[in-house]
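Let's walk through this chain with an eye on its charges. Have the model open alongside the text.

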Amino acid sequence: MSLDASTSDNTDPLATQDQVPSSNEDDEKIQENRTLAFLVYREVWDEFNKWKLEDCKRQLRLLEQPLPPPNIAEAAHKMASAFLTDGDESGDVEIIYICDTDDDIPLDVGGATVLTCETVSLKLPPDFAPHPPYESCTPAVQTIALRENEEQLPFIPYADDPTWDIGMYLSQYEAFAWENLVDPDVEVIQFEVLRRLHFGHRLSLDDIDATCVLLALRPNNRFGLIYQMTQRDELFWPGMMAEFPTADDGSERRGFNFRAHEPDVDDLRGRIESVIPRFCANPGCIHTHCHRHGNTIDDFASPPAAVPRLTSKDYPEGASCGSLCFREIDSSFQEDSVQWGSSEVDELRCILEIMPDTIPCGLAKLVRRPCREVFIERRRFIPDEKVYSESSRVVTAREKLNYYKDSISGDITSGAYIPPGPCSHIGPCDKNNANCICAQKSVHCTRSCHCSLTCKHRWPGCRCNKETDKKITQTCKTESCRCRKMGWECDSMVCECDNHSYVHRRKPRPKTKQPRMIRPDGKHYCQNSDIQRGLAAELEIKRGAFGLGCFAVKKIRPDQFIGEYVGELSVSAEDKRELLRKHVGLNYSFGLNLQHIIDSARVGNETRYINHGTEEDGLANASAKTTLVLGEPRIALYATKEIKAGGEILFDYGENYWIWKS
Ligand SMILES: C[S@@+](CC[C@H](N)C(=O)[O-])C[C@H]1O[C@@H](n2cnc3c(N)ncnc32)[C@H](O)[C@@H]1O
């Protein structure tokens, strides 16, 4: 209550929500503030609703009045002058007024050129028919996780279709998603209550929060009443208290400095903490606001603090970065002479918490201090004896590897394999560590796990480049590649098959007809990374024998990758779309494994249009295969025989599909 409006700390990024009253005196104060808050709330509520009622009546009365005829010329000149720059003469602008018929020409065109459109009649051929109804979808390049709250219905599909049993569908949900939305009027009222309490009655934001009368003001940097108000245009109404601060330059709105919700430019720790949760917590994914592994803003915790794996003696050999490099430290160097200020130490430490094993030469550039001093400070923060003991262990090709089958049946394509990871814990990945879900389930750690690349439990990858250096075969093309044999795509960070230099880069085929899998240096590109490389065949969607179908634009070779089946990934037990599928008679869901389905009804790519054909009827020319890509199962479609340019692609949906259909 002691806050002065002009000096109040309304720029404090986060109010302390968890302050608990410590005494009866505090309780009384809260009660007193609560009573006041209710009074002000009632006052603003009445004022706002009285104004709103009158304002609505006024608007309705306006609508009842006949509108004056539009002054086209004036409106056109006004519009034209809006485009003029300072030096332009309005006379330089030619205004053209276009109308449908001569009857539409307004009386006063004010010098505008009038063009009337000629009516043209089109004669359609007798067989001209509208396109038959079909189910379209949002195009996507990768599968996304279904982020819907399965208890709330986001919208009502086929609401205007009388043949649709809407009641049955709605009964599956507990509520409509829009039921929980806060009425924007209530926000406007609450914001004004907040302003009157803070600037008029001089209650601090913490005091106001403690009354629990208003929506939480600032629980975090992305939510709360004050933040909400930055997300919408302000509604101007006479009850707004104009005598309080009104700066509206974007940074400050009606007294509250919204930008202060972002950490200060100098606050490195605050900025890192506010940015890191926006990146996917899955280390095998580089997306911000990732839709595949979750909504990183709301659901994902920040990745756990990185575990240092290098002692001060473990840095790899390399060139010195200058005379002050840590590599130049000799016995004459006085460690005690390194004395940093607390903010400098804090800056280095918050970088080390994320990247503890960065070489001092790089850290020195970030913190703008001599490399050798950075080295000493790092050792003070991470003493050698605290470094994870297996740090220097490197998996070598010669090391006897402990293979897991990574599936129940030994075949991840069986659908029985459900990956448990990624794991995320402190300590080594082994059976003795109850927190390592990979080790506990006897599956290999993957790129998505939070352990280091040298983790003993990781899938070791293949060494096909070495194996094929002598023989001219296609790298990782056959089952001699242990990744392919296990149903994994190669991982450029662990495999030695040279796929890394080719990710997402299509090389024009040289005139010599040299196969595309050979690099200019004569080595082979990995042939077991189709999904990661995304080198799908060129496909065309057009009408086929069974509705829309998917056709090859160019010839597709046997075994060629056609594309990845993508859509929305959901847990089959939660799937509530069955009624919808039955209603439209189309089913785009593809079982990824016994637990998950990929449904391309609303999100997908060309492969969702591939129709059914079987080996027996001689129509199937493609097949689907589940492959583990960096630890995640994905569905790839391959040609089983040559498909000519213009040929329709067909694969066997399996018996269950047609049981469902009947
Ligand atoms: C995944 S959709 C394929 C794309 C679909 N043709 C379209 O127009 O969107 C599967 C549906 O296509 C139709 N379909 C596909 N292959 C078929 C076939 N061999 N015989 C009859 N209908 C087929 C069925 O209606 C089936 O439910």
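What follows is a quick tour of a predicted model, from the overall chain to its salt bridges.

## The chain as a whole

The chain runs to 662 residues, and 39% of them count as buried. DSSP gives 16 helices and 19 strands. Among contacts with a separation of 6 or more, 65% come from residues 24 or more positions apart.

## A negative patch

Glu25, Asp26, Asp27, Glu28 and Glu32 make up a negative surface patch. Glu32 sits in helix α1, which covers residues 24–64, and it is partly exposed because its relative accessibility is 47%.

## Salt bridges

Side chains of opposite charge can pair when their charged atoms come close. Here the count is 24 salt bridges.

Take Arg369: it pairs with Glu344, with the closest N and O atoms 3.0 Å apart. Arg369 is in the loop between α9 and α10 while Glu344 is in helix α8, so the bridge ties together parts 25 residues apart in sequence. Arg369 is partly exposed at 25%, and Glu344 is partly exposed at 26%. Arg369 also bridges to Glu373, again with a closest N and O distance of 3.0 Å. Glu373 is buried, at 18% relative accessible area.

## A buried pair and a network

Arg447 and Asp491 form a salt bridge with their closest N and O atoms 2.6 Å apart. The two lie 44 residues apart, Arg447 in the loop between α11 and α12 and Asp491 in the loop between α13 and α14. Both residues are buried.

Elsewhere, shared partners link Glu568, Arg577, Glu578, Arg581, Asp599 and Arg602 into one salt-bridge network.

Conventions:
Residues are numbered from 1 along each chain as its sequence is written. This is a predicted model: local features need pLDDT of at least 70, side-chain atom pairs count only at pLDDT 80 or more; totals for chains, interfaces and linings use all residues. Side-chain values use heavy atoms; hydrogens and water are left out. Patches are made of residues with over 30% relative accessible area and no salt bridge: like charges are joined within 9 Å, nonpolar side chains (Val, Leu, Ile, Met, Phe, Trp, Tyr) within 5 Å. Accessible areas come from the Shrake-Rupley method with a 1.4 Å probe; for residues, only the protein chains shown count as cover. A salt bridge is a side-chain nitrogen of Lys or Arg within 4 Å of a carboxyl oxygen of Asp or Glu. Lys and Arg count as positive and Asp and Glu as negative; His and the chain ends are not counted. The place of a charge is taken as NZ of Lys, CZ of Arg, CG of Asp or CD of Glu. Helices (H or I, at least four residues) and strands (E, at least two) are DSSP runs, numbered from the N terminus. Buried means under 20% relative accessible area, exposed over 50%, partly exposed in between (1.4 Å probe, protein chains only). Contact means heavy atoms within 4.5 Å.
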